[in-house]
Amino acid sequence: MDPEIQKMKEVILVYLDRSGGLQKFVQDCKKYNDSKQSYAVYRFIISINPSDITELDATLGNYILHNPLQAAQIFQSVCFVAVKTLSLIEQLQTEAQISILLKPTHLPPLPSYVLSLSTYPFNYTSPRFYMSEGIVIAMGTVTKYTQGARFLCTEETCPFSEGFRCIRVHCPGATESATVRTDFVCSLCSSPLQEDMKFRVLGDKQIVEMIDAKILNALKGYSIDKSHFRIQAFTLFLRDEMANKMTIGNHYRIIGIPACVQNGLQATACIEVTSVQLYKPNGPPFVSDNFKYLLSLTSSSCWRFTAVLANIFASQVVPPGTYNTLKLAILLSLVQTCEKENADYLDLLIMTSDTLVIDRLLNYSLCLLPRGIRHPPSSDIFPSVSKDKHGSASIQACSAVLAKGGICYIGDLSSYKKDKLELLQSVLESRTTTVFIPGKKYGEEADQQVTVSVQTNFWSFVDVDSSSKKHIQKENFLIGQMDVSLIPFNLVDGFGLLIYNEFPSCRLSSPVVHHTLKKAINPEAILYKASQQFRTQDYEELILFARSLHVELSSEAESLIQGCYLASRRVRRDSIHGSTLSASALKILISLAKAHAKLSLRQTVLEEDAVIAILLLESSLTLKHGTSALCVAPNPVFPFDLSDENSLQQRDIYLMQCHHQLLKFIAAYSPGIHINTNEE
């Protein structure tokens with residue numbers, strides 16, 4: 001035996017003993033032995049820490065990293081000797097029956113171990129371990145594949161006509177025909193081999209399509225980064241314990257061995273995955289010094305910081321001081337995004353005549369999040385099923401799933417057909433969608449239904465000018481109510497906030513006109529001082545920091561929200577349908593209040609946050625149902641322009657008056673709720 005191979009075997013035994021791998025191997029053998037059943041293949045998973053094993057022996061560490069298939073054979077030999085020496089599996093006859101899968105815990109943080117999916121050439125010819133990362137954009141159902149099979153020589157006098165000498169085991173990148181087919185011949189006498197079907201070992205297999213995370217930049221409606229890059233999806237094979245380890249739409253970091261699978265005349269680059277880890281961004285988010293200074297300047301009031309943020313927000317697209325209510329709602333929706341189950345969602349539906357300006361504003365805002373997706377009208381919003389390259393069913397992610405933990409901007413709502421709107425309404429209510437997979441069409445025995453979670457905020461708008469031309473408007477409107485009859489009312493109610501922007505195109509404000517003309521002449525021009533002091537990058541950092549905050553409701557804010565909700569249910573009712581206020585209104589109020597606290601960079605929701613939440617929701621309810629006994633102003637959060645500190649002071653006084661008005665409203669229509677009132 002080669003002395004170097006012998007030394008490697010000794011080091012492997014020492015490593016397994018020190019790392020606890022030998023103890024796990026003995027336990028796995030005991031499970032096989034206790035079953036009293038003979039298998040063609042006994043499969044073992046061995047976890048490898050490259051750093052530890054390289055410290056023991058650099059040659060072995062290098063061999064494992066760069067020749068994992070050959071290294072697995074050395075581990076196979078060591079494990080076979082251990083089984084026979086310790087009598088761990090009575091049924092085991094030959095070394096060929098042992099299948100070893102090496103799983104590195106990590107790879108060296110060096111460029112040569114990273115397989116980038118957006119660089120060319122794509123190095124799939126080296127069958128060694130690589131690390132890669134990307135987003136799952138398609139996922140197949142779990143099917144079966146052959147882990148291993150026993151073959152017998154058809155020549156009765158040949159020694160290979162019995163026993164477990166001819167064992168074929170799946171190798172990374174190999175197709176099913178490489179493991180089992182009818183034209184294998186005996187290596188001893190060249191007679192045909194025949195499979196013993198009783199000993200075929202099956203495992204689970206799942207095919208996944210993954211793509212570089214740069215795809216998110218390409219799917220945004222507007223991007224600050226003008227660089228060009230090449231993007232190509234590639235195939236992952238998840239086998240056995242790896243099946244169902246991934247979720248569609250998630251960002252993962254994987255370790256695996258690349259291979260090239262031949263499918264007829266076409267060759268497909270793929271990776272056999274050995275390790276899957278959910279990707280987490282590096283480092284905690286932070287707030288720029290300019291915003292910290294602004295926060296200290298406005299610390300005398302709980303309302304001023306967010307007012308200034310909204311006032312100067314998106315000055316690259318619209319002038320400061322315009323569309324303030326909409327911009328505040330956008331910021332609140334941006335900070336109320338996360339990838340957790342049962343999150344506080346905040347969807348926006350905007351009624352507007354200025355579709356071009358609103359579209360630019362929403363496109364710009366999308367780019368402040370890592371996952372802001374502008375839905376292309378030609379594709380599906382929600383997951384669909386199609387055939388993959390192998391003829392199996394594959395669930396495609398589509399816009400809503402790719403926007404997981406972010407924003408899905410679906411454009412003009414009135415441009416969608418009835419079935420799409422009904423599906424959107426269902427998703428807004430349940431935050432899930434179901435994909436039906438007909439078994440006959442995709443070669444399966446039974447039909448399947450797969451439920452996919454949709455964890456994103458939706459933004460949309462309705463062009464009030466075009467909608468008014470498409471149908472006859474109603475005449476029996478209540479005071480303050482808008483005509484939204486073009487869209488199903490239950491769908492309108494499914495959006496958290498309905499907003500009517502301040503400047504209809506018939507009286508477009510002079511600053512917006514001047515801004516649009518100047519930007520048309522010089523798109524790169526910085527028109528306002530606020531754009532220099534508070535850059536787009538500063539807002540990105542602020543939003544990432546704010547959305548990461550964990551906030552709790554104070555008892556005062558909770559009482560105010562509950563009191564207002566109960567009072568609103570009582571005043572917004574009719575004798576036929578009962579209360580017109582949906583049960584989701586309470587969730588929306590809480591979500592708005594939490595979002596305002598986050599945007600204020602606080603971890604406790606105060607009464608001041610609840611006041612803003614109530615005014616925004618009441619304004620939305622007025623557009624849907626007409627005014628109520630609370631009777632808020634048409635633009636309750638920004639009743640006048642914010643030009644200086646005096647205007648901020650006036651707004652504070654106005655909001656304090658609104659607070660007292662809310663307390664009186666609750667006392668009158670929900671007297672059972674106890675709220676501490678501040679006499680001062």
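This is a predicted model: local features need pLDDT of at least 70, side-chain atom pairs count only at pLDDT 80 or more; totals for chains, interfaces and linings use all residues.
## Strand 18, a covered strand

Let's start with strand 18, which spans residues 457-463. Seven of its seven residues are buried. In a regular strand, side chains alternate between the two faces of the sheet.

## The strands beside it

Strand 18 pairs with strand 11 (residues 348-352), and the two run parallel, joined by five bridges. To find one of these links in the structure, look for M351, whose bridge partner in strand 18 is V462.

Strand 15 (residues 407-412) also runs parallel to strand 18, with four bridges between them. Here you can pick out Y409, which has W459 as its bridge partner in strand 18.

## Helix 13 and its buried face

Next comes helix 13, made of 13 residues, 418-430. Its first and last C-alpha atoms are 19 Å apart, close to the 18 Å expected at 1.5 Å a residue. The buried residues of this helix are L421, L424, Q425, V427 and L428. Viewed down the axis of helix 13, they fall within an arc of 165 degrees, so they line one face of the helix. An α-helix has 3.6 residues a turn, so residues three or four places apart point the same way.

What do the buried residues of helix 13 pack against? Their partners are strand 15, strand 16 (432-437), strand 18 and helix 15 (489-494). Just after helix 13, R431 takes a positive phi of about 60 degrees.

Definitions and conventions:
Residues are numbered from 1 along each chain as its sequence is written. Side-chain values use heavy atoms; hydrogens and water are left out. Buried means under 20% relative accessible area, exposed over 50%, partly exposed in between (1.4 Å probe, protein chains only). Two strands pair if DSSP finds at least two bridges between them. The expected span of a helix is 1.5 Å times one less than its number of residues. The arc is that of the directions from the helix axis to the C-beta atoms. Contact means heavy atoms within 4.5 Å.
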